[in-house]
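User: I would like to learn how to read a few features of a structure. Please take them one at a time, with the general idea before the case.

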Amino acid sequence: MKEQMIKDGLRFDGRRFDELRQIEARVGILKNADGSAYFRLGDSIAIAGVYGPRKVFPKHQEESERAILRTRYNMAAFSTTERSRPGPSRRSTEISMVTRQALMPVIFLDEFPRTAIDVHIEVLQADASTRCVGINAAALALADAGVPMRDLVASCSAGKIDGHVVLDIAGKEDTEGELDLPVAYYPHEKKITLLQMDGLASQPEIKDIIQLAIKGCEKIYEKQKEALRKKYAIEGEV
Amino acid sequence: MIGIDSELIREIVARDKRIDNRSFDEYRNVVVEQGVVKQAEGSARVRIGNTEVIAGVKMGVGEPFPDTPNEGVLMVAAEFLPLASPEFESGPPGEESIELARVVDRAIRESKAIDFKKLFITEEKVWMVYIDIDILDDDGNLFDAACLAAVAALKNAKIPELDEKQAPVYEKKGTQPLPMNSIPVSTTFVKIGNNILTDPSLAELEAMDARLTVGTVNAGDGIQFCSMQKGGATGLAVEDVEKILEMAERKGDELRKKIK
């Protein structure tokens, strides 16, 4: 018997329809990486490490006019309920690809020809919307590495549960819900850099879900900026 | 084949034209042939312009997934054959091939077109539906061609009969069609400069800013959206996405008519 996902206008974890889970964002958490970040959305946690711009190995991958962006999304074996076998899967390969395309639009790749910028995302704890958490961490790590960007990229999901449009899909809302729509967005130019959807909905519903996801991205963006300010604020200065 | 310069494509599109004289919302010639591979339970060959793909459906008996013990299993895979393009290399599937297979799978699975419960045989035994897509010639828009071929092959498929040991009898062609109650279809759009074009050719994909592939299905009470996948290295404005959703409904229905 499918458990009721909405009770008294609240979701299974007590959130309102348009409420994000609790956010935690920290920057500069690793010593070796040029830039790094930790991002948490409820029980989904990812860390990202960035190396670059640096020399390209293998050399044949380098581009004469711009830097190449290489992105790897990976889930730790212990991050999921059942242990996931280490190494890339078809799913993580697809997510690595869309994550790269989510970050590329904001990076001034032309400024670093014949180099590589490598982004490594590790999901430490998975409770749905992990690709969004990964992108949020990656954007912060790139900023921490001093990679020049047009803007930060913020990402979150929205969807449909029991016919209701909701923000930030968590846990069993992913498996039991009707629709999941992750988005990545950069507010400065109001552009969407990641957009995927699985589920079933009408055109007006999809439009509402996208708008809600963008609102969520804008809130996450504020938290990302806060994390950067905290790291780079000088003691005693406002 | 000589590659067409991306700058030239962008210039032509900025003047509201396409290099093959199509209008922005026009598909190339679409041809769907079903039942082209005798050994497959279902098959289809699709051409969109010069792009050509073949999809084959094979069915076998296997174990269901633990969380859906009464349902059949769908697996979609794609091969970007080296003969299809000078860019394709032999070897294990690359990221583009994996993405394509997963996006086609998503459109079919999320559309709920297949009633997986009807593929239940007995305890611990269900029908496994394998869709394999072979790309034979790449002139762009592999997503739509692949999805059309996969769905046409599913529509063409007949479930094999089972012998007394509940193993499929492949030698005899089954009579029972695969239970499909709607037709999911993929439509792909690209943004080039300020314009949105449907059914991009290979040259248009290379010149594009961004791509959005949208799956739609003719559910009982109108058209529903079942999948979306954005690609490309540039962002899309919300208005672009909304325009594409609107075009996807129309173009999806056109493609749907190509499947019997």
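Analyst: We can start with helix length. The model is predicted. Helix α3 of chain B, residues 142–156, has 15 residues and spans 21 Å from first to last C-alpha, close to the 21 Å expected at 1.5 Å a residue.

User: How many residues of α3(B) are buried?

Analyst: An α-helix has 3.6 residues a turn, so residues three or four places apart point the same way. In α3(B), 14 of the 15 residues are buried, and the helix is mostly covered.

User: Which residues are buried in α1(A)?

Analyst: Begin with its length: α1(A) has 14 residues and reaches 20 Å between its end C-alpha atoms, close to the 20 Å expected. The buried residues of α1(A) are S92(A), E94(A), I95(A), S96(A), V98(A), T99(A), Q101(A), A102(A) and L103(A).

User: Now the sheet. In what order do the five strands of the open sheet in chain A lie?

Analyst: Strands of a sheet pair through backbone hydrogen bonds, either parallel or antiparallel. In chain A the order is β3-β4-β5-β7-β6, with mixed pairing. The edge strands, β3 (23–27) and β6 (68–75) of chain A, each pair on one side only. From one strand to the next the twist averages 15°.

User: In what sense do β5 and β7 of chain A pair?

Analyst: The sense is antiparallel: β5 (residues 44–55) and β7 (residues 115–125) of chain A are joined over nine bridges. As one example, I47(A) has E122(A) in β7(A) as its bridge partner. Helix α2(A) packs on this sheet and touches β3, β4 (35–41), β5, β6 and β7 of chain A, while its direction makes about 150° with that of β4(A).

User: At what angle do the axes of α2(A) and α4(A) cross?

Analyst: A helix pair is read from the distance, angle and hand of its crossing, and then from its residues. The axes of α2 (residues 130–144) and α4 of chain A come within 11 Å and cross at roughly 35°. The crossing of α2(A) and α4(A) is right-handed. On the α2(A) side, N136(A), A139(A), L140(A) and A143(A) meet I220(A), Q224(A), A227(A) and L228(A) of α4(A). By class, this contact of α2(A) with α4(A) has six nonpolar, two polar and no charged residues.

User: How many residues does each chain give to the contact between chains A and B?

Analyst: Chain A gives 26 residues and chain B gives 28 residues. On the side of chain A that touches chain B, α1 (90–103), β11 (191–201) and α4 (203–232) each supply at least two residues. The largest share of that side, 11 residues, comes from β11(A). By class, the side of chain A divides into 12 nonpolar, seven polar and seven charged residues.

User: Which strand of chain B is joined to β11(A)?

Analyst: The partner is β14 of chain B, residues 222–231; four bridges join it to β11(A), and the two run antiparallel. Within this pairing, D198(A) stands opposite S227(B) in β14(B).

User: Last, a single residue. Why does E71(B) count as partly exposed?

Analyst: E71(B) counts as partly exposed because it has 18 C-beta neighbours inside 10 Å, whereas a buried residue needs 20 or more. E71(B) lies in the loop between β3 (51–62) and β4 (73–80) of chain B. Leaving out residues up to four places away in sequence, E71(B) touches P64(B), F116(B), K117(B), L119(B), F120(B) and V126(B). The C-alpha atoms of E71(B) and M128(B) are 9.4 Å apart, although 57 residues separate the two along the chain.

How values were computed: Residues numbered from 1 in each chain as written. Chains lettered and ligands numbered in written order. Predicted model: local features only at pLDDT ≥ 70, side-chain atom pairs only at ≥ 80, totals over all residues. Buried ≥ 20, exposed ≤ 12 C-beta atoms within 10 Å, placed from the backbone. Contact = placed C-beta atoms within 7 Å. Expected span 1.5 Å × (residues − 1). Nonpolar A, V, L, I, M, F, W, Y, C, P; charged D, E, K, R; others polar. Pairing = 2+ DSSP bridges. Axes fitted to C-alpha atoms, helices over the stretch in contact; angles between N-to-C directions. Left-handed = near helix turned anticlockwise from the far one by under 90°.
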